[in-house]
Amino acid sequence: MERGFMPRKRARAVVLGALLLACAGPALADAEKLEAGLRALFADQPGELTIGDISESMLGGEARAEDLEYVSDRGGRVHVDRYVVEGDYDDPDRVVLEGLSVTEEKEDGQAGTITARRLVVVEPSRPVLSPRGVLADGLEAAELTAERLVIERSGRTVLGTAGERARSVTNPRLTVERLHARDLAQDTIGSLEATDIAGSGESFGEIGDGKFTLGILNIEGLRDLKSQTEARADRMELKNLNIEAQRLAATLDRLLVESDMSDGAGGLWLESL
């Protein structure tokens with residue numbers, strides 16, 4: 001009686017095919033969840049969302065979307081070169097956005113743009129983050145890092161009020177080479193450090209057109225962030241501030257403000273103004 005043997009090459013092909021099928025199930029599921037989550041972000045907004053490619057690594061542990069582009073009916077635009085969820089999709093280790101650009105246009109014709117070369121969120125409370133406002137909607141995370149962050153607006157921007165007099169600036173622009181925040185919760189941030197900051201603007205109150213650079217901004221114990229008027233911090237430190245404006249020129253080596261008086265050490269310190 002003849003015994004049937006499967007050719008060796010065919011046997012290897014069958015085994016490889018079985019492994020690919022075993023990996024494809026969860027990979028496809030995570031890819032589908034990522035696409036559904038991204039589309040849900042813009043579902044209530046009039047406009048069109050396109051995603052170039054959705055995929056996951058062969059062995060799992062990384063789901064990604066590439067060339068994400070949303071264009072609103074009002075002229076706004078959101079673009080992300082690459083959106084990556086690392087680790088368990090439902091409880092991710094990190095979420096990474098590369099090549100982020102967000103442009104919004106108001107009815108009065110003014111436009112605002114935010115760009116970042118790379119944005120990394122460690123241990124976020126959810127896998128899908130809104131590119132239009134990563135810190136919105138009660139996000140919690142262990143860490144957040146932004147590289148080469150640029151924020152600019154066209155036209156007149158109201159910055160706040162001082163009594164009954166509004167403060168405003170025209171065509172403001174701010175760049176931050178690196179921003180790092182820790183212990184992010186719904187209404188608090190444990191610490192935030194920004195380095196190599198530069199800004200410029202026109203018609204800024206009595207000082208006129210001007211620009212500034214700041215080496216380091218360090219803030220600790222941020223709380224009550226949902227309200228601009230009630231937001232507080234335990235400690236703030238500025239280093240290497242330089243201001244050049246039409247009617248003001250100033251340098252400051254260091255400014256330290258501590259509002260926590262529990263240890264009796266709170267206060268304000270200035271160095272080389």
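Asp90 and Lys33 form a salt bridge in this predicted model, with their closest N and O atoms 3.1 Å apart. A salt bridge here is a side-chain nitrogen of Lys or Arg within 4 Å of a carboxyl oxygen of Asp or Glu. The pair links distant parts of the chain, 57 residues apart: Lys33 is in helix H1 (residues 8-41), while Asp90 sits in the loop between strand E3 (77-86) and strand E4 (94-105). Helices (H or I, at least four residues) and strands (E, at least two) are DSSP runs, numbered from the N terminus. Asp90 is exposed, at 53% relative accessible area, whereas Lys33 is partly exposed at 34%. On this scale buried means under 20% relative accessible area, exposed over 50%, and partly exposed in between (1.4 Å probe, protein chains only).

Residues are numbered from 1 along each chain as its sequence is written, and side-chain values use heavy atoms, with hydrogens and water left out. Because the model is predicted, local features need pLDDT of at least 70 and side-chain atom pairs count only at pLDDT 80 or more, while totals for chains, interfaces and linings use all residues.

The structure holds 19 salt bridges. Another of them joins Glu66 to Arg82, with the closest N and O atoms 3.8 Å apart. Glu66 lies in strand E2 (residues 62-72) and Arg82 in strand E3, so this pair ties together parts that are 16 residues apart in sequence. Glu66 has a relative accessible area of 22% and is partly exposed; Arg82, at 27%, also counts as partly exposed. Both residues belong to a network of salt bridges that links Glu62, Arg64, Glu66, Arg82, Glu98 and Arg118.

A further salt bridge brings together the side chains of Arg182 and Glu143, at 3.4 Å from N to O. Here the linked parts of the chain are distant, 39 residues apart, with Arg182 in strand E8 (residues 165-184) and Glu143 in strand E6 (residues 141-153). Arg182 is partly exposed at 38% relative accessibility, and Glu143 is partly exposed at 24%.

Strand E6 also contains Ile151. This residue is partly exposed, with a relative accessible area of 33%. Together with Ile114 and Leu174, Ile151 makes a nonpolar surface patch of about 190 Å². Patches are made of residues with over 30% relative accessible area and no salt bridge; like charges are joined within 9 Å, and nonpolar side chains (Val, Leu, Ile, Met, Phe, Trp, Tyr) within 5 Å. The accessible areas come from the Shrake-Rupley method with a 1.4 Å probe, and for residues only the protein chains shown count as cover.
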